[in-house]
Amino acid sequence: MRVQVNGTSLYVDVEGTALEPDGYAMRDKPTLLLLHGGPGHDHSIFKPAYGRLADLAQIVYVDQRGNGRSQDSDPATWNLDQWADDVRALCDALGIVKPIVLGWSFGGAVAMNYASRHPDHPAKLILQSTVARWDVDRIVEGFRAEAGEEAATAAKAFLTEGSPETFAAFGRLCAPAYSPDPNFPSESDIQAMARMVPNPELTMSFMSTARFDLTARLARVQCPALVMAGARDPITPLSTAKEIVDGLPDARLEVFDRSGHFIPDTEGDRFFPLLRSFITG
């Protein structure tokens, strides 16, 4: 479906029911709203893996403003405050009360900003492989540690210039370091990327100009949070997760020692049970 939100149309998909028969009554299930990474990517990264949670919660997938299958929008509105307010407006439009919001990577920054701007709205946050403070030097060091000097140089060039040439070099030299799995990218990874509807203009613009720092806002968040981080993640290094946990009033950190940016691919046998426990707890 397409939902009108704050002057644009967002592409939304839903998996699972909100009400489930339970004896003589209908039982409410929580809503799990998934915010994808990028920016310039789309919700398809979550499919089909996260569908296994539909027995616990109604899953709402959304392509955020300027991303994926959502309507083309004014690039002047591509910013963290607008994306955060879109989350609240989307929930209002769909009648979603007290959602559990999961943000992966860039989506995690949107989720944190949303929860700080609308602290009474979310029931819980799940922050997966994300950052509250954009620090180019820290990211460059992450790629240096995982992939060497050439990747570090490519990361620095892309994150400061954001040109098509530096974007291509980043994809060639840095993207393989997103996961320590020797089989990455697998055929399923390649298929997942092919299914995505990208917006490279948004990716290049945001990644080369992002200088956000949400750490001072984290104290405003009122709901519990689960922070999940891969110990070998170059783009959102483990230190960023610790920074988030230190800033949130009610958060716990789960570290995945064998994972990079794609925790569900490398340690899904631990990742999804933790999600299930947090959703139902």
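Predicted model: local features only at pLDDT ≥ 70, side-chain atom pairs only at ≥ 80, totals over all residues.
Q: In what order do the eight strands of the open sheet lie?
A: The sheet has mixed pairing. Its edge strands, each pairing on one side only, are β1 (2-5) and β10 (251-256). Between neighbouring strands the average turn is 25°, direction ignored. The order is β1-β2-β6-β5-β7-β8-β9-β10.

Q: Which residue of β2 is the bridge partner of V3?
A: Strands β1 and β2 run antiparallel and are joined by four bridges. Their hairpin has two residues between the strands, and N6 takes a positive phi near 50° there. The partner of V3 in β2 is L10.

Q: How many bridges join β2 to β6?
A: Strand β2 covers residues 8-15 and strand β6 residues 58-63, and the two run antiparallel. V12 has V62 as its bridge partner in β6, while D13 has Y61. The number of bridges joining β2 to β6 is five.

Q: At about what angle to β1 does helix α1 run?
A: Helix α1 is made of residues 80-94. The helix lies across β1, β2, β5 (31-35) and β6. Its angle to β1 is about 120°.

Q: What angle does the direction of helix α2 make with that of β7?
A: Helix α2 (residues 106-117) packs on the sheet. The strands touched by α2 are β5, β7 (100-104) and β8 (124-128). With the direction of β7, that of α2 makes an angle of about 140°.

Q: Which residue meets D13 in a salt bridge?
A: D13 sits in strand β2, and its partner lies 34 residues apart from it, in the loop between β5 and β6. The N to O distance is 2.6 Å. The partner is K47.

Q: Is K29 buried or exposed?
A: K29 forms a salt bridge with E20, with the closest N and O atoms 3.5 Å apart. E20 counts as partly exposed at 24% relative accessibility. The relative accessible area of K29 is 7%; buried means under 20%, so this value meets the cut-off. K29 is therefore buried.

Q: Where does helix α9 bend by about 80°?
A: Helix α9 has 18 residues (263-280), and a straight helix of that length would span 26 Å. The span between the end C-alpha atoms of α9 is only 21 Å. A proline, P273, follows the bend within four residues. The bend is at D269.

Q: Which strands do the buried residues of α9 pack against?
A: The buried residues of α9 include I263, F271, F272, L274, L275 and F278. In an α-helix there are 3.6 residues a turn, so residues three or four places apart point the same way. The strands packed against by the buried residues of α9 are β5, β7, β8, β9 (225-230) and β10.

Methods
Residues numbered from 1 in each chain as written. Heavy atoms only, no water. Pairing = 2+ DSSP bridges. Axes fitted to C-alpha atoms, helices over the stretch in contact; angles between N-to-C directions. Contact = heavy atoms within 4.5 Å. Salt bridge = Lys/Arg side-chain N within 4 Å of Asp/Glu carboxyl O. Buried < 20%, exposed > 50% of the residue type's maximum accessible area, 1.4 Å probe, protein only. Expected span 1.5 Å × (residues − 1). Bend = angle between axes of the 7 residues up to and from the residue.
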